[in-house]
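This report describes strand pairing and aromatic contacts in a predicted model. The sequence and structure are shown first.

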Amino acid sequence: TQRFNGSEINNTTDKVYAITVDKSSNVYLAGNTTGTNLLAIIIISYSSDGELNWQDVWTNPSTSNMDFPTNILCTDNNYVLVSGTSTNGSQTGEDIVTIAVHSNNGNVKWANTFNGTANGTDVACAMSLSESENEVYVSGYSAHNSQNNVLDIITLKYKLANGVLLDSTRFNNTGISKESPVGMAVDSNGN
């Protein structure tokens with residue numbers, strides 16, 4: 001049994017929200033650790049023997065507020081991916097964040113935030129890889145208007161190698177004011 005205490009930040013509450021295991025039985029966790037005036041995403045890797053491989057704390061460099069992970073997955077080509085939400089105060093509300101780190105050392109390869117057109121609530125709910133593992137898909141909900149009273153489903157497609165946003169697709173079902181995905185899968189055609 002391992003216990004993590006984020007004492008290097010502020011020795012306060014730490015929570016895990018997502019967990020995954022790679023083909024070598026390394027375990028990866030995504031959670032929060034609390035610091036002074038911030039809530040940061042922490043990504044932790046443990047070996048199959050339960051020894052700490054590495055840990056990395058990520059905060060959005062353009063904000064000083066709260067970051068929350070919702071999903072984690074690992075690839076066969078040495079990446080760990082985390083998606084979640086980054087709160088940017090009154091500037092853009094909540095933005096979807098996607099982070100790619102190297103599975104062997106935890107170094108961040110790239111991190112991107114997505115702010116929808118309404119500058120409101122944008123939250124990641126699900127994440128999946130293309131069959132080729134060349135693209136990562138993140139799906140969530142995004143404010144349709146500035147009042148945040150209509151939420152659309154949004155799906156983002158990133159190039160895994162460098163984090164370039166390749167596509168964003170918005171779905172709004174007329175008559176339903178708040179839509180949210182509960183999961184996602186990508187078929188062999190990238191659909």
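## The hairpin of strands 5 and 6

Four residues lie between strand 5 and strand 6, and the two strands form a hairpin. Within the turn, Asn 78 has a positive phi of about 70°. Strand 5 covers residues 67–74 and runs antiparallel to strand 6, to which seven bridges join it. One of the facing positions is Cys 74, which stands opposite Val 80 in strand 6.

## Strand 6 and its other partner

Strand 6 spans residues 79–87 and is mostly covered, with nine of its nine residues buried. Strand 6 also pairs with strand 7 (residues 94–102), in the antiparallel sense and over nine bridges.

The pairing of strand 11 (residues 151–159) with strand 12 is antiparallel and takes in six bridges. Here Ile 154 is found opposite Arg 170 of strand 12. As a general point, strands of a sheet pair through backbone hydrogen bonds, either parallel or antiparallel.

## Aromatic pairs

How many aromatic pairs does the structure hold? There are two aromatic pairs. Tyr 28 and Trp 54 form a tilted pair, at 6.2 Å centre to centre and with 45° between the planes. This pair links distant parts of the chain, 26 residues apart: Tyr 28 belongs to strand 2 (residues 27–35) and Trp 54 to strand 4 (residues 52–58). Are Tyr 28 and Trp 54 buried or exposed? Both residues, Tyr 28 and Trp 54, are buried.

Trp 110 and Tyr 158 also form a tilted aromatic pair, with 5.7 Å centre to centre and 40° between the planes. Trp 110 lies in strand 8 (residues 108–114) and Tyr 158 in strand 11, so that distant parts of the chain, 48 residues apart, are linked by the pair. Trp 110 and Tyr 158 are both buried. Strand 11, which holds Tyr 158, is the strand that pairs with strand 12 over six bridges.

How values were computed:
Residues are numbered from 1 along each chain as its sequence is written. This is a predicted model: local features need pLDDT of at least 70, side-chain atom pairs count only at pLDDT 80 or more; totals for chains, interfaces and linings use all residues. Side-chain values use heavy atoms; hydrogens and water are left out. Two strands pair if DSSP finds at least two bridges between them. Buried means under 20% relative accessible area, exposed over 50%, partly exposed in between (1.4 Å probe, protein chains only). Rings of Phe, Tyr and Trp (its six-membered ring) pair if their centres lie within 6.5 Å; planes under 30 degrees apart count as stacked, over 60 as edge-to-face and the rest as tilted.
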